[in-house]
Amino acid sequence: MGKRSHLEPTEQRPKKKSKSEKPEKASKDKQKNGDEKTASYSDAFALSEIPQSEIDSFLTENVIKIVDPSSPDASQFRPILSFDHLPECDAGLYTQLKSFPKPTPIQSTTWPLLFAGRDVIGIAETGSGKTLGFGLPCLKKLIDSKSSKKPCQPKAVIISPTRELAMQIYDQLVKFGGTEKTQVTCIYGGVGKDEQRRALQRAAIVVATPGRLKDLQSDGSIDLGKVQYLVLDEADRMLDKGFEQDIKDIVKPMPVSRRQTVMFTATWPRSVRDLAATFMKTPVTVTIGGDPSADPRANLRIKQVVEVVDGRDKEGRLIQLLAKSQRGHQLPEKVLVFCLYKKEAMRIENLIRNKGFLVAGIHGDLNQSDRFRNLDAFKKGTATVLVATDVAARGLDIPNVKLVINVTFPLTVEDYVHRIGRTGRAGADGIAITMFTETDKGLSGGLINVLKAAKQDVPEALLKFGTTVKKKQHDVYGAFYKDVDMDKTATKITFDD
Ligand SMILES: Nc1ncnc2c1ncn2[C@@H]1O[C@H](COP(=O)(O)OP(=O)(O)OP(=O)(O)O)[C@@H](O)[C@H]1O
């Protein structure tokens with residue numbers, strides 16, 4: 001292990017080391033924190049052989065920041081630069097990884113920490129492989145675990161804000177899970193409970209939406225007292241007011257000392273950070289691409305176009321854009337159209353259908369089988385336009401979405417970053433076109449900062465609305481807040497369960 005750096009204990013930066021200097025192969029029983037979690041992790045020999053200068057370049061080039069309150073030593077956890085550096089594991093866990101050239105930066109940096117049992121907050125751009133970032137260590141933990149599992153007592157729980165995202169995480173775990181795949185299950189609302197109860201009998205890893213998980217916990221169908229690995233995906237969403245109480249209730253039977261807690265997201269607003277700390281034990285915060293205290297950051301491969309328009313011109317402009325993307329190419333492009341409200345989404349979907357485009361919709365008023373079916377149609381390309389509310393803003397990994405059109409701006413710039421992040425995934429490019437009207441002007445400052453940070457053009461007309469960033473106005477924001485029918489006087493907020 002190299003010399004300790006003189007940095008403040010809260011911050012790790014790449015340490016300078018000569019090329020010939022090699023770190024000791026260190027065994028890392030990382031639990032200095034006096035808790036009951038134990039995990040042993042050592043750098044693979046091939047990783048320990050890599051010169052420190054190469055590690056330093058990797059950290060610098062990817063603008064990786066690691067803040068560990070318990071240690072100032074940057075070399076303690078070397079990023080896993082190649083799949084060959086992964087710790088040994090049975091059960092064909094790494095077989096499927098061969099389809100990828102190497103780990104993404106968030107995977108490289110968080111995997112060693114997670115294998116070593118640390119609590120981790122991982123912040124990285126949309127489409128950067130965060131699911132496997134938390135998913136692979138989860139599967140490895142299960143494979144390595146010697147203790148037997150009792151029915152309805154999972155060892156790992158992964159919580160996601162929407163049913164579609166929960167299913168997507170489940171699919172990934174099954175795909176990468178090798179022989180353990182039969183021990184993964186997914187529970188979410190909008191469908192019957194009996195089958196889910198049966199699946200819980202054998203499930204070691206449960207992927208869930210919070211409402212249904214809480215329901216099954218309350219009626220005794222699941223006992224979370226043995227959970228050792230807890231993930232909040234889209235963590236800022238899971239911790240905002242809409243879900244906060246559910247999450248608190250769910251984690252009550254899993255003491256923080258006995259569980260590893262993992263939070264991943266692309267946006268990490270200040271408003272949730274203190275709350276996050278109450279769920280975690282000396283977490284290491286890993287940020288890819290810059291300081292987490294800055295404005296939410298968009299994926300840099302997405303070209304962002306903002307058009308300041310009169311509200312009455314939106315539909316005409318939308319049809320123009322769709323005509324170009326659907327008929328101006330050999331094959332129609334996949335386009336995701338975001339609306340703010342369910343009624344608006346339904347109206348826009350009908351409008352698009354009447355113009356002869358292949359369209360499907362996804363929002364909270366559809367039953368679950370229609371939601372899954374429509375999403376599937378878009379994935380397969382039988383519908384090339386998907387009209388969605390923010391229920392589809394986060395996490396969904398739909399191949400080849402070329403264009404995102406925001407017909408109505410979301411209620412927060414974080415949601416904007418997630419919405420446009422449905423394109424430009426896994427290294428691809430994408431375009432996002434946003435119609436911005438006078439009604440949205442309260443968010444112009446935040447949007448301008450997102451555009452500037454991503455070196456995008458800021459239209460004059462947007463600057464005229466002002467550059468001040470207003471404090472977040474909605475305690476409940478994002479996908480579910482907006483899945484409300486604002487045309488009605490009763491403003492019941494509905495959540496995925
Ligand atoms: N090492 C890798 N190399 C290339 N592609 C990868 C790698 N790991 C994962 N992917 C692929 O990248 C895509 C995006 O991954 P994922 O959905 O996990 O992104 P994310 O960071 O969670 O995005 P979001 O913030 O939108 O939820 C997926 O199709 C996934 O299969």
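Because the model is predicted, local features need pLDDT of at least 70 and side-chain atom pairs count only at pLDDT 80 or more, whereas totals for chains, interfaces and linings use all residues. Residues are numbered from 1 along each chain as its sequence is written, and side-chain values use heavy atoms, with hydrogens and water left out.

**Domains and their contact**

- The protein chain is assigned domain 1 (45–288) and domain 2 (302–464), the bounds coming from an automatic or database domain assignment.
- The C-alpha centres of domain 1 and domain 2 are 29 Å apart, and the contact (heavy atoms within 4.5 Å) draws 19 residues from domain 1 and 17 residues from domain 2.
- About 1,500 Å² is buried between domain 1 and domain 2, with 55% of it on carbon and sulfur atoms; buried area is the accessible area (1.4 Å probe) that two parts lose on being put together, summed over both.
- Of the area that domain 1 buries against domain 2, 38% is supplied by Thr126, Glu164 and Gln168, more than by any other three residues.

**Polar and charged pairs across the interface**

- Three salt bridges are found across the interface of domain 1 and domain 2, a salt bridge being a side-chain nitrogen of Lys or Arg within 4 Å of a carboxyl oxygen of Asp or Glu.
- Glu164 forms a salt bridge with Arg371, and their closest N and O atoms are 2.8 Å apart.

**Ligand surroundings**

- Of the 20 residues around the ligand, those that come nearest are Gly127, Lys130, Thr131, Asp397 and Arg425, where a residue is near a molecule or strand if one of its heavy atoms lies within 4 Å of it.
- For Glu234, a polar side-chain atom lies 3.2 Å from an oxygen atom of the ligand.

**Salt bridges in the whole structure**

- A search of the whole structure finds 25 salt bridges, including that of Asp194 with Arg197, whose closest N and O atoms are 3.0 Å apart.
- Asp194 and Arg197 are separated by about one helical turn, because they are three residues apart in helix H6 (residues 194–200); helices (H or I, at least four residues) are DSSP runs, numbered from the N terminus.

How values were computed
A polar contact is a pair of N or O atoms within 3.5 Å; within protein, one must be able to donate a hydrogen and the other to accept it, and residues adjacent in sequence count only if both atoms are side-chain atoms. Helices (H or I, at least four residues) and strands (E, at least two) are DSSP runs, numbered from the N terminus.
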